[in-house]
Amino acid sequence: MATRELTPAPAGLSVMRPPRQGSASWPLVDRAGYWLCWATGVALCLITVAIVVFMLVKGISYLRPSLFVTSPAPSLQQSKAGGFFDPIVGTLIVTAVGTLIAAPVGVALAAWLSEYGRPSRLARAVESAIEIIAGTPSVVLAIFGLLVFSQSFLGFLSETASDGAVTGQSFLTVGVIMALLALPLIVAAAREGLSQVPDRMREASYALGKTRARTIRRVLLPAIRPSIAEGVVLGMGRIIGDTAIVIILLQLSVTKNEPVGSVPVLNILRGTGSTLTSYVFYNSPAGEGNAHQKAYAAAFVLLMIVLALNFAVIRITGGRDRAESRRRRLLRWLRP
Amino acid sequence: MERLTPPPARRIVVGRDPNVVAPAPSPNGATTAPPPASARLRTERSPVAHVRERMRIESVWLAYGENWVVRDVSLPVRQGEVLALIGASGSGKTTLLRSLNRLTEVTAGAARAGRITLDGEEIHELEVNALRRRVSMVFQQPNPFPMSIFDNVAYALAESPARGRRRRRSAELEQAVNDALRRAGLYEEVAEDLDRSALKLSGGQQQRLCIARSLAAQPEVLLLDEPCSALDPISTATIEKLIVGLRESVAIVIVTHNLQQAFRVADHVAFMHLGELVEYGPGEQVFDRPAKQRTREYVGGAFG
C-alpha cells in the first residue's frame, strides 16, 4: 500500500516506523493457513469480476433500448420474440406487492418482539417461526402458497376457471408469498436498529409521560428509519431475485401479462404474467423459449437492478452523514 | 415560611474506621470540619416569596428484587427551593429520585413500601403518564431524541402533532416551544435554526434542551439525576444558575455526586448512606454544622 509522503522531518531527527511484519518466522501451518485465506479472498474477487464482466459482455451486446418497451411474443425466431417490457412490469408489481405487505408486518413484528416480547414464551415462538420461514426454500413456500391460494374461498385473489377450480396463480398470490421471503430480513434489520437505540432514549420519553406505544411510534421508529430502509431494500433484492415462487405461482409459459376480470389495477394484480427471473429462466438455453440472447440481456438488467439495490443499502447504512451534510448545505443555500 | 422539623433519621451503626481522624464529638463544634460557607460561592439567588410543599415522601422503602435499596426515608419536596440528594454511590439516592415519577417501575422487580404523595394524592393512584407529565425528569447523560430541536420540545408538548417537515406548526405550538427553550436559557443560542438536529448541539446545550423538553409540559416537580456530571464547568455553571432560577415555579430535586454543586444550588440537602437518610436540613447546616458523624465524614471528604 502506498503511504503518503511525510513532510521532511526536522534536521537531526530520523523518522521511525513500526518494523514490517514478516511471516518468515511463522510455523509452516500458520503460513499455509494465511496464504489459503489470502487466496480465497482473491478467488472470490475474481469470481465476482467474472460474473459482472461476463454478464456485461453478453448482456450489453444483446441489449437494445427497444427491448425495454416491447412485449414478448411467442416466436421461434429470435428477432420476432419481442422484448421484456412485461417481465419488467411484472417484477415491479411483485416487488411492490411483496414489500407493501412485508414492510409494515415486519416492522410491527420487530417492535413487538423488541419492545414488548411478553409473554416471553410466545416471543420465543415467534422468533423461531421467523427463523424457520427464513430458512425455508422458496420453492417450498411456493408450493405451500399454491395449496392455500387454490382454495375456493380465496378465488378472489386469482382466476377461477369455468368449472369452479381456482388457479391460485396471480401477481397477488406471488406477492403474498414473496412477502414471507422479505419478512425475516426486515424483522432482523428493524430489531437490530431497535437494539441499538439506547435505553435512555426510551426513558427520556417515558419520563415525559409518554406511553410505550407513543414512544415506539414517535421516537423509536423514526430513529431506526435507516435500519428499516436497509431491511426493506434487502428484502426487495430477495424478491426480485427469486425464481421458484414466480415459476410456480405464475405460469411459466405465459410471458405476456394477462389481466383477469375487469376492475382496473385489480385485474392486473389478479392476472398472471412473468417477471425478469421467470423470463430469463424460460428463455435461457435450459428453458423452452428460444430467445437466448434476450435471456442474457434480461439477466444483465436483473443483475444491474440487484446491484443498484445493494448500493442503496450501502448508501443508507454508511452514507447517512454525507446525505445529512448535503441537505444542510442545501438549506443554508436556500436561506442565506 | 413553614419549616418542617427534620424527619426522623435512623442512625447507622458503623464501626469507627481506624484510619479516619476522629472528629470532635460535640454535634455543633465543627472545628476540624469543612471550611465555612463563606469560603465557597453559592449560586446567586433571589429570595422566593412563597414556598409550599408539593411532594411528600413518607417512610418509603424501595427494592429491586430482593434488596432494599432505600430504607425508611421521609422527606418533603417543596416548590420554591432546591432539594439536593447527596451520598456515595449505592446510597439509593437515584432510586429514590426515580421513584418520585414511578420510573423505577420500568425495571422489572421494583417494589415500594410507604407513601409518596403529590399534592396530597398517593402517586400510585395517579395515572402513570399523567404523573410523569407533572413530575418530569432530566437524566445524567443528555438524551435528546434524534430529531430537530423544535421536534424535541414539541414532542413533550403536543398530543399528536403532524409529523415530518410538512408539519403545520400552529402559532401556539411555536410559542410554547420557544417559551420552554427560553426558560431553559437555550433560546438565544438556537433560535436561528430550530430545525437543526438536536444531536449537533454541544453537551451542555443538549442538556439544556432536555431541561427545556421537561419544562415544556409545565411540570410541577422537576427531577434532575446528576444533570451536570457529563458536562464541562462552564455548562455546569449555566445549568446551576438555571436550576436556581427555576425553583420558584417548579419544585426541584437534584441528585448529585458533586458536593460543591449541592452546596451551590441547594436550599435543603439530604444526605443518604446505604439506603438510609442520615441527615436532612438547610444546606449551610448540613455542610458546616452537620449533626451526624457520618455526614461530617462524608462532607469532609473522608469517604464517598
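Biologist: Which residues is Phe271(B) in contact with, leaving aside its neighbours within four places in sequence?

Modeller: Phe271(B) is in contact with Ile86(B), Gly87(B), Glu276(B), Leu277(B), Val278(B), Glu279(B), Arg294(B), Thr295(B), Tyr298(B) and Phe303(B). Contact means heavy atoms within 4.5 Å. This is a predicted model: local features need pLDDT of at least 70, side-chain atom pairs count only at pLDDT 80 or more, and totals for chains, interfaces and linings use all residues. Residues are numbered from 1 along each chain as its sequence is written, chains are lettered from A and ligands numbered from 1 in the order in which they are written, and side-chain values use heavy atoms, with hydrogens and water left out.

Biologist: Why is Phe271(B) called buried?

Modeller: Its relative accessible area is 0%. Buried means under 20%, exposed over 50%, and partly exposed in between, with a 1.4 Å probe and protein chains only. Phe271(B) therefore counts as buried.

Biologist: Where in chain B is Phe271(B), and how far is Ser74(B) from Phe271(B) in sequence and in space?

Modeller: Phe271(B) belongs to strand β9 of chain B. Strands are DSSP runs of E, at least two residues; helices are runs of H or I, at least four; both are numbered from the N terminus. Ser74(B) is 197 residues away from Phe271(B) in sequence and 12 Å away in space, C-alpha to C-alpha.

Biologist: What makes β9(B) and β10(B) a pair?

Modeller: Strands pair if DSSP finds at least two bridges between them. Strand β9 (residues 268-273) and β10(B) have six, so they pair, in the antiparallel sense. Ala270(B) stands opposite Tyr280(B) of β10(B). Their hairpin has two residues between the strands, and Leu274(B) there takes a positive phi near 50 degrees.

Biologist: What makes β10(B) mostly covered?

Modeller: The strand spans residues 276-282, and six of its seven residues are buried.

Biologist: How do you know that β1(B) pairs with β2(B) and with β4(B)?

Modeller: Count the bridges. Strand β1 (residues 52-64) and strand β2 (residues 67-79) share nine, antiparallel. β1(B) and strand β4 (residues 110-118) share eight, also antiparallel. Leu62(B) stands opposite Val70(B) in β2(B), and Ile57(B) stands opposite Ile116(B) in β4(B). In the β1(B) and β2(B) hairpin, Gly65(B) takes a positive phi near 65 degrees.

Biologist: Why does Arg98(B) count as buried?

Modeller: Because its relative accessibility is 10%. Arg98(B) sits in helix α1 (residues 93-99) of chain B. Not counting residues up to four places away in sequence, Arg98(B) touches Glu203(A), Tyr64(B), Leu103(B), Thr104(B), Met137(B) and Phe139(B).

Biologist: Turn to chain A. What does its secondary structure come to?

Modeller: Chain A has 14 helices and zero strands.

Biologist: How does the radius of gyration of chain A stand against that of a compact globule?

Modeller: Chain A has 26 Å, whereas a compact globule of 336 residues would have a value near 20 Å. The rule is 2.2 Å times the number of residues to the power 0.38, and the radius is taken over C-alpha atoms. Those atoms fill a box of roughly 95 × 60 × 60 Å, along the principal axes.

Biologist: What share of chain A counts as buried?

Modeller: The share is 39% of the 336 residues. Of the contacts with a separation of 6 or more, 67% join residues 24 or more positions apart.
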